[in-house]
Amino acid sequence: MSSTFESTIRQIPYPQMSVYEKLSDLNNLEKVRDRIPQDKLEDFTFDADHIAIKAPMVGEIKLRIIDREEPKTIKFETEQSPVPFNFWIQLLPMDAANCKMKLTIKAELNPFIKGMVSGPLTEGLEKVADVLQMIQYE
């Protein structure tokens with residue numbers, strides 16, 4: 001059974017293209033490494049197309065960018081995860097200087113697993129959105 005989790009829509013005070021260019025190359029995460037709470041992530045590695053996170057009580061999660069639709073969508077899928085899922089970042093222009101962002105996760109979850117992971121997944125998605133909203137995109 002497919003389950004979808006979405007972040008709240010965030011306003012970002014930068015042009016859509018600037019945000020897209022920064023987020024579509026994961027090497028740019030180096031600039032935000034210090035904003036990620038160290039107690040939340042033991043290991044955090046990435047290159048242009050991949051990201052790996054070792055999360056307490058979850059284990060290692062590896063994601064790979066599978067599609068870039070300039071300047072509005074970046075899609076990821078899991079390469080390694082206790083629960084396989086797809087994740088995407090959607091960007092919509094508001095005006096020349098601002099855009100909106102929404103994060104979405106879609107996973108195949110049985111009802112038992114869904115009950116256990118819904119809260120943590122939604123909370124994690126909001127935390128990722130918080131970090132992405134704080135980035136300086138110029």
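Glu126 is buried, with a relative accessible area of 19%. Buried here means under 20% relative accessible area, exposed means over 50%, and partly exposed is anything in between, with a 1.4 Å probe and protein chains only. The residue is found in helix H2. Helices (H or I, at least four residues) and strands (E, at least two) are DSSP runs, numbered from the N terminus.

Before going further, a note on the source. This is a predicted model, in which local features need pLDDT of at least 70 and side-chain atom pairs count only at pLDDT 80 or more, while totals for chains, interfaces and linings use all residues. Residues are numbered from 1 along each chain as its sequence is written, and side-chain values use heavy atoms, with hydrogens and water left out.

Back to Glu126. What is Glu126 in contact with, leaving aside its neighbours within four places in sequence? The list is Glu6, Ser7, Thr8 and Arg10, where contact means heavy atoms within 4.5 Å. With Arg10 there is a polar contact of 2.5 Å between the side chains. A polar contact is a pair of N or O atoms within 3.5 Å; within protein, one must be able to donate a hydrogen and the other to accept it, and residues adjacent in sequence count only if both atoms are side-chain atoms.

Glu126 and Arg10 also form a salt bridge, at 2.5 Å from N to O. Helix H2 covers residues 111–134 and holds Glu126, while Arg10 lies in strand E2 (residues 10–12), so this pair ties together parts that are 116 residues apart in sequence. Both Glu126 and Arg10 are buried. For the term itself, a salt bridge is a side-chain nitrogen of Lys or Arg within 4 Å of a carboxyl oxygen of Asp or Glu.

How many salt bridges does a search of the whole structure find? It finds eight. I will take two others.

One joins the side chains of Glu6 and Lys102, at 3.3 Å from N to O. This pair links distant parts of the chain, with Glu6 in strand E1 (residues 2–6) and Lys102 in strand E8 (residues 98–108), 96 residues apart. Glu6 is partly exposed, its relative accessible area being 45%. Lys102 also counts as partly exposed, because its relative accessibility is 22%.

Another joins Arg64 and Glu79, at 2.9 Å from N to O. Arg64 sits in strand E5 (residues 59–69) and Glu79 in strand E6 (residues 73–80), 15 residues apart, and the pair is again a link between distant parts of the chain. Arg64 counts as partly exposed at 27% relative accessibility, and Glu79 counts as partly exposed at 45%. Salt bridges that share partners also make one network out of Arg10, Glu126 and Asp130.

Now the strands, and E8 in particular. Two strands pair if DSSP finds at least two bridges between them. Which strands pair with E8? Strand E7 (residues 85–95) runs antiparallel to E8 and is joined to it by 10 bridges. There, Trp88 stands opposite Thr104. E7 and E8 form a hairpin, with two residues between them.

E1 has two faces. Ser3 and Phe5 make up the covered face, and Ser2, Thr4 and Glu6 the uncovered one.

Finally, the chain as a whole. Its secondary structure comes to two helices and eight strands, in the order β-β-α-β-β-β-β-β-β-α along the sequence. The C-alpha trace spans about 45 × 30 × 25 Å along its principal axes.

Buried residues make up 36% of the 138 residues. Among contacts between residues at least 6 apart in sequence, 49% join residues at least 24 apart. The chain exposes about 7900 Å², with carbon and sulfur atoms supplying 55% of it; accessible areas come from the Shrake-Rupley method with a 1.4 Å probe, and for residues only the protein chains shown count as cover.
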